[in-house]
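I opened the structure today and kept notes as I went. The entries follow in the order of looking.

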Amino acid sequence: LLGLYADRVSAFDVPESLSDQEIGQLLDLLFCEEHQLRIYSIYALGEKRIQSAVPRLVCLLFERDEEIVGEALLALRKIGERKTLVFLRDIYPRMSGENLEFCAKTMNEFSDGAIDASYFDVELSKDHQEALSAPLEPT
């Protein structure tokens, strides 16, 4: 899904720096009705590694829209906030496809490769376990 999205959409332009007011506007756009504005705000906040966006980005992990979830995962990975690992663990058993694989890679990156099925309080599917055991790729 993320690869398909990258092929369809050219990269957004993000200003060199963002004022506090612009950051506030981007945070507000995370939950607006317009899908493309939501995607842009997630992308911009991730690109600029805005720490204050982390709680709202975590909320987006629980959305039903796979594209929103994927962008939120990507933004959280760019920001690099390891404290989000507990939320990734909670949502991981419900993920599928590319988001599942990307979430597994992100969790392994945040934990320095220490995540396995014993980290979860539910039984993981074979696909989930395989994604967790995939080798880390350099970022």
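Entry 1, terms and source. I call a residue buried under 20% relative accessible area, exposed over 50% and partly exposed in between, with a 1.4 Å probe and protein chains only. The model is predicted, so I noted its limits: local features need pLDDT of at least 70, side-chain atom pairs count only at pLDDT 80 or more, and totals for chains, interfaces and linings use all residues. Residues are numbered from 1 along each chain as its sequence is written, and side-chain values use heavy atoms, with hydrogens and water left out.

I looked up E123 and found a relative accessible area of 79%, so I wrote it down as exposed. E123 lies in the loop between α7 (97–110) and α8 (126–133). Helices here are DSSP runs of H or I with at least four residues, and strands are runs of E with at least two, numbered from the N terminus. I also checked E123 against P93: they are 30 residues apart in sequence, and their C-alpha atoms are 8.5 Å apart in space.

The expected span of a helix is 1.5 Å times one less than its number of residues. I listed the buried residues of α3 as R38, I39, S41, I42, Y43, A44, L45 and G46. Just after α3 comes R49, with a positive phi of about 50°. R49 is a residue other than glycine, and it is found in the loop between α3 and α4 (54–60). Its relative accessibility is 47%, so R49 counts as partly exposed.

I repeated the span check on α7: its 14 residues should span 20 Å, and the end C-alpha atoms are 20 Å apart, which agrees. The buried residues of α7 include N99, L100, F102 and C103. After α7 comes D112, with a positive phi near 55°. D112 is found in the loop between α7 and α8. I marked D112 as exposed because its relative accessible area is 64%.

Rings of Phe, Tyr and Trp (its six-membered ring) pair if their centres lie within 6.5 Å; planes under 30 degrees apart count as stacked, over 60 as edge-to-face and the rest as tilted. How many aromatic pairs are there by this rule? I counted 2 aromatic pairs. Y119 and F120 form an edge-to-face pair, 5.5 Å centre to centre with 85° between the planes. Y119 is partly exposed at 26% relative accessible area, whereas F120 is buried at 9%. Y92, Y119 and F120 form one aromatic cluster. The charged end of R89 sits over the ring of Y119, 5.0 Å from its centre; the rule is NZ of Lys or CZ of Arg within 6 Å of the ring centre and within 35 degrees of the ring normal.
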